[in-house]
Amino acid sequence: MPDEDAFLRSIRSAGLLPPTPGTILALEPSMPYAASSSDLSSYDSNGSNVPDTPGPRYVRLVFGSFIASQVVFNYDNGAIPASLATLSHEFSLDYFFEGLLGSLVYLGLVLSCLLAGYLFQVTSAKWVICASLFSNTVFYALFTLAYSPWALLAARFGVGLSRTFIVVYAPVWVDEFAPSDTRTLWLSLQQAGVPLGVMFGYLVTGILDANTRLSWRWSFMIQVFACLPVCIIFLLLPANYINVNRTSAVSRKWEHCFHLFRNPVYLCTIFSLSGLYFVVTGIQVWVTQYLTGPPVEADANTVIMAFTATTATAPILGVLMGGKVIDYIGGYRVIPRAALLAIVLGTLSQINGTLCLVVSHFWTFIVLVWFVLFFGGAIVPAGTGIMLSSVGKDARPQACGLAMLTYNLFGYFAGPFISGTIAERTSNLSWGFRTVILWGWVAWVFMVLTYFFALREQAAPKTEDDVELAP
């Protein structure tokens, strides 16, 4: 489907490399299998004497390396929630500091996003990624060696600063080198590495914490040792097998940004999705402590296994279902229809979320949270499609870059931070968790506004910089 290819290319090529003053990185796909699959060992790791593009065999090798990096470098996002109670006890952390441990990494991501586009424009992507992976591993090691709350926070912030580059580049590489007939599948597999890493981190850390006398540091040391082989693999890969083709900078960047701030459909959509990510991140950070405390008071092992199964199935199935439904009703370019679907899905998610606040039976709670994450995941294809379709093609690099910053700041960072602050002020984690769940209604209101603004603008003339509400 041409529309689908354009949609994915906009996300991967444009949006995942945020604009910087005066320059951005623009990427174009190339023929992925033009070169023969000669033996990789005969080539220099700097990319000299290497075909311009790798053969199928080595495309799969590099692709597997990107998936492995997504898994091992997201392990800590699951390990932190699973060990939060232990960290709190050892370092005498209050809910405010616990929230910062979960959210500060995303503040680092926001700040380094501003630099990522420039670095990929002026420097070989291979060396940017290698520096990112090695420095990320160093910050993981510093976290395991921390002996004060402030050292923990500094390490988490450094993790966010150094992680951005592999996060933004992996989908760009997939768009460049993946076979055209399986590009969407490859992107899905690459993105699946993130929840897999979170799941493994949560499962391993939770089991060690609940069933052994080992220090929490051992779980994070596992991540450090798992990261080292990935770093070495990327160091040995030829640069030509990692770098993508780069073209000249796109003009009129700041003019596009000005139009974005005057686009109510775009603004309401990114704030709605930010609210969704606020809820998802808040649930992930606090659910273990919430369920093992009153009024539920469930067994820690049972919580770990049940929530691991929930996070491994609900969001992924939700995204797949949401994508199928949005295609069935005519695609995301019919913005009012896509927004109406998102409203229905959001209503179902929030009904389940609100109900989970009034139940004390463990398995009932788990089922309700499963549906919160399932319907929440189903919103993402419609919401992302609306966000891209609401702006002109030339403005999409800036639109996706601004959206990424908004999601990280007002979603991933704000979720644990605000709920942790409220829990600390009230001396009650239940109020922090209620804030997380009820915040979803804020996201729902913004999607309702998206729907009405889209209806109002549906008949308006379209330009390259203005909304595109028709298919």
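**Salt bridges, a helix and a core**

Author: Let's start with aspartate 76 and arginine 156, whose side chains meet in a salt bridge, 2.5 Å from N to O. Aspartate 76 sits in helix H3 (residues 75-91) and arginine 156 in helix H6 (residues 149-177), so this pair ties together parts 80 residues apart in sequence. Keep in mind that this is a predicted model.

Reader: Is aspartate 76 buried or exposed, and how do you know?

Author: Buried means under 20% relative accessible area. Aspartate 76 has 1%, so it counts as buried. Arginine 156, at 3%, is buried too.

Reader: How many salt bridges are there in the whole structure?

Author: A search finds four. One of them joins glutamate 90 and arginine 217, at 3.2 Å from N to O. That pair links distant parts of the chain: glutamate 90 is in helix H3, arginine 217 is in helix H8 (residues 216-236), and they are 127 residues apart.

Reader: Why is glutamate 90 called partly exposed?

Author: Its relative accessible area is 40%. Partly exposed covers the range between the 20% limit for buried and the 50% limit for exposed, so glutamate 90 belongs there.

Reader: What makes arginine 456 count as exposed?

Author: Exposed means over 50%, and arginine 456 has 59% relative accessibility, so it qualifies. Arginine 456 forms a salt bridge with glutamate 457, with the closest N and O atoms 3.6 Å apart. Glutamate 457 is buried, at 12%. Elsewhere, salt bridges that share partners join Asp76, Arg156 and Arg163 into one network.

Reader: How do you know that the span of helix H5 agrees with what it should be?

Author: Helix H5 (residues 125-145) has 21 residues, and at 1.5 Å a residue it should span 30 Å. The expected span uses one less than the number of residues. The end C-alpha atoms of H5 are 30 Å apart, so the two agree. Among the buried residues of H5 are Val128, Ile129, Leu133 and Phe143.

Reader: Which residues have the most contacts inside the largest nonpolar core?

Author: Trp173 and Ile283, in a core of 128 residues. Helix H13 (residues 362-389) gives the most to this core, with 15 residues. Beyond its neighbours within four places in sequence, tryptophan 173 is in contact with several residues, including Val59, Phe63, Trp186 and Tyr241.

Definitions and conventions:
Residues numbered from 1 in each chain as written. Predicted model: local features only at pLDDT ≥ 70, side-chain atom pairs only at ≥ 80, totals over all residues. Heavy atoms only, no water. Helix = DSSP H or I, 4+ residues; strand = E, 2+ residues; numbered from the N terminus. Buried < 20%, exposed > 50% of the residue type's maximum accessible area, 1.4 Å probe, protein only. Core = buried A, V, L, I, M, F, W, Y, C linked by side-chain atoms within 4.5 Å. Contact = heavy atoms within 4.5 Å.
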